[in-house]
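Reader: I am new to reading protein models, and I would like to learn how to go through one feature at a time. Could you show me the structure and then take me through it?

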Amino acid sequence: QVQLVESGGGLVQAGDSLRLSCTASIRTFDRYEMAWFRQAPGKEREFVAAINRSGGTTYDANSVNGRFTISRDNAKNAVYLQMNSLKPEDTGVYYCAAADRAERRSDWYYKGTYAYWGPGTQVTVSS
């Protein structure tokens, strides 16, 4: 059983930074590919960023490229999302997700790849 819990969300102004954290209650955390997704009101859940088991490979959405950075600390069973230069359109609920494997490049961006999800943390960016 994989349990994920996000933290670090909040209300900030445009241009500010936030760091989201996700902790996993599993002993084999380094066997899972990890990702962040977000969902704005009335919209589909969308891919934000992903990181492979070792942390050596990352992927991110064009909309956050150069502003958001995903990282992980396998010793702490944690994955992070550093968000800089936040914009109002970054507002939404941010979800941490874990997958057993992502083989093709396209797998990383597809929410169906990820079997385990946290409850989410709200991020609100005011203009």
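Author: Let us begin with a single residue and its contacts, where contact means heavy atoms within 4.5 Å. Leaving aside neighbours within four places in sequence, Met34 is in contact with Leu4, Cys22, Phe29, Ala50, Ile51, Ile70, Arg72, Val79, Cys96, Ala97, Ala98 and Tyr114. Please keep in mind that this is a predicted model, in which local features need pLDDT of at least 70 and side-chain atom pairs count only at pLDDT 80 or more, while totals for chains, interfaces and linings use all residues. Residues are numbered from 1 along each chain as its sequence is written, and side-chain values use heavy atoms, with hydrogens and water left out.

Reader: Which residues touch the most other members of the largest nonpolar core?

Author: In soluble globular proteins, nonpolar side chains tend to be buried together. A nonpolar core is a set of buried Ala, Val, Leu, Ile, Met, Phe, Trp, Tyr and Cys residues joined through side-chain atoms within 4.5 Å, and buried means under 20% relative accessible area, exposed over 50%, and partly exposed in between, with a 1.4 Å probe and protein chains only. The largest core here has 38 residues, of which Met34, Trp36, Val79, Leu81, Met83 and Tyr94 touch the most other members. Among the elements that give two or more residues to this core are β3 (18–24), β4 (33–39) and β8 (78–83). Over the whole protein chain, buried residues make up 43% of the 127 residues.

Reader: How many helices and strands are there in the protein chain?

Author: Helices (H or I, at least four residues) and strands (E, at least two) are DSSP runs, numbered from the N terminus. The protein chain has zero helices and eleven strands.

Reader: In what order do the four strands of the open sheet come?

Author: Strands of a sheet pair through backbone hydrogen bonds, either parallel or antiparallel, and two strands count as paired if DSSP finds at least two bridges between them. The open sheet has the order β1-β3-β8-β7, with antiparallel pairing. Its edge strands are β1 (4–7) and β7, each of which pairs on one side only. Between β1 and β3 there are four bridges in the antiparallel sense, and the bridge partner of Ser7 in β3 is Ser21.

Reader: Which residues are linked in a network of salt bridges?

Author: Side chains of opposite charge can pair when their charged atoms come close. A salt bridge is a side-chain nitrogen of Lys or Arg within 4 Å of a carboxyl oxygen of Asp or Glu. A search of the whole structure finds five of them, and the network links Arg38, Glu46, Arg67 and Asp90. Arg38 and Asp90 meet at 2.9 Å, N to O, and this pair links distant parts of the chain, with Arg38 in strand β4 and Asp90 in the loop between β8 and β9, 52 residues apart. Asp90 also meets Arg67 at 2.7 Å, N to O. Arg67 lies in the loop between β6 (58–60) and β7, so this second pair ties together parts that are 23 residues apart in sequence.

Reader: Are Arg38 and Asp90 buried or exposed?

Author: Arg38 is buried, with a relative accessible area of 5%, and Asp90 is buried as well, at 1%. In another salt bridge, Asp107 and Arg104 have their closest N and O atoms 3.3 Å apart; here Asp107 counts as buried at 13% relative accessibility, whereas Arg104 counts as exposed at 56%.
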